[in-house]
Amino acid sequence: MDSITQFSLGAAIGIAVSPKKTVKVALISGLVATIPDLDIFLSHADDLTSTIKHRGFSHALFYLSLVSPLIAVLLYKYFALMSYFRWWVLVFLVLITHTILDSLTIYGTSLFLPFSNLKVMIGSIFVIDPIYTLPLIISVSYLFIKKKPLFIRNISFNTVALIFSQVYLLSTFFIQQSLLPSGKSFATPTPFNSYMWRVVVMEDDYIKQYFVDLFGNKGSEIKVENRHYLKNINSQAVDKYANFSSGFYNLTIDNDQLILQDLRMGSIQNPSFSFVVAELNDGKWMSVTPSRNKVNFQLKSAFRNELL
């Protein structure tokens, strides 16, 4: 999920756990909640590896469980706001909820390192969903502005916000399961909502995509050729990404370049992530250091400029 959501969720948990409902507690817990995403500052050998390694060890439940008591020691030492045990519970909860929330998006999260390289990508919520985040933002913002928690008829709005957001999260999962077709497929919400969903189905010869609303009303289908047979041109890079994407990728040739496309984000015609993994030289395919597809970048930059 986006950083605003993760900060707001962490701050709201801090308000709930701490006996002192202060701005300082909310700020600290919100910042701690963003720690797993610091992995974006790590450098890797190439663009493809950077994409795969994001949400790696820093999002693993095992490592976060190990580091939680250490972070709690530091917070207890420098901030005399609550007992060490409460700091430990607070840190553990904000870190674990961060990575579990991420695993519910379509990107892929390494929950089970070092025991398994499996990337969990449930895909039942978009990375930015205002319905989930807004109640948390309201609760935290009120505390920051008024310097006290919001109560409505003696009921903590922070508690209501946390319960509402998690119930909504559960509802999106059940909606997704009701829309998911049989076979190798996935369903994930379109940006900023849970009403309209994008469904991708992998077949032996083709890949199809369609949109469907939460009532099951289905739009027209788009199909592209399944070109997994091209993986032999650079099987090492393709196999590496296939594991990360749970096999939801495609390959295409453009301007004598082999392009690996991630089908999970964007659309099957213009995916958000695509990489050049091989080039044709003197009639022979040569593997290259994977890099983001420049044409893909240019198309998205032009789209952003139109929006602005």
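Me: Which strands does helix α8 lie across?
Reply: Helix α8 (residues 235-244) lies across β7, β8, β9 (274-281) and β10, and runs at about 10 degrees to β8. Helices (H or I, at least four residues) and strands (E, at least two) are DSSP runs, numbered from the N terminus. Angles run from 0 to 180 degrees between N-to-C directions, with axes as lines fitted to C-alpha atoms, for helices over the stretch in contact. Contact means heavy atoms within 4.5 Å.

Me: Before going on, what is this model and how is it numbered?
Reply: This is a predicted model, with residues numbered from 1 along each chain as its sequence is written. Local features need pLDDT of at least 70 and side-chain atom pairs count only at pLDDT 80 or more, while totals for chains, interfaces and linings use all residues; side-chain values use heavy atoms, with hydrogens and water left out.

Me: What is the strand order in the open sheet of 4 strands?
Reply: The order is β7-β8-β9-β10, with antiparallel pairing. Because β7 (249-254) and β10 (284-292) are at the edges with a single partner strand each, one side of each has no neighbour in the sheet. On average, neighbouring strands of this sheet are turned by 25 degrees against each other, direction ignored.

Me: How many bridges join β7 to β8?
Reply: 6 bridges join β7 to β8 (residues 257-262), and the two run antiparallel. Two strands pair if DSSP finds at least two bridges between them. Tyrosine 249 has aspartate 262 in β8 as its bridge partner.

Me: Switching to aspartate 46. Where is it found?
Reply: Aspartate 46 is in the loop between α2 (23-33) and α3 (47-53).

Me: Is aspartate 46 buried or exposed?
Reply: Aspartate 46 is buried, meaning under 20% relative accessible area with a 1.4 Å probe, protein chains only. It has no salt bridge, which would be a side-chain nitrogen of Lys or Arg within 4 Å of a carboxyl oxygen of Asp or Glu. The nearest side chain of opposite charge, lysine 240, is 4.9 Å away.

Me: Which backbone nitrogen does the side chain of aspartate 46 reach at 2.7 Å?
Reply: That of threonine 49. The backbone nitrogen of leucine 48 lies 3.1 Å from a polar atom of the aspartate 46 side chain.

Me: And strand β4, why is it largely enclosed?
Reply: Strand β4 (residues 196-202) is largely enclosed by the rest of the structure because 6 of its 7 residues are buried.

Me: Which residue stands opposite arginine 198 in β5?
Reply: Phenylalanine 211. β4 and β5 (residues 206-213) pair in the antiparallel sense over 7 bridges, forming a hairpin with 3 residues between them.

Conventions: Buried means under 20% relative accessible area, exposed over 50%, partly exposed in between (1.4 Å probe, protein chains only). Lys and Arg count as positive and Asp and Glu as negative; His and the chain ends are not counted. A polar contact is a pair of N or O atoms within 3.5 Å; within protein, one must be able to donate a hydrogen and the other to accept it, and residues adjacent in sequence count only if both atoms are side-chain atoms.
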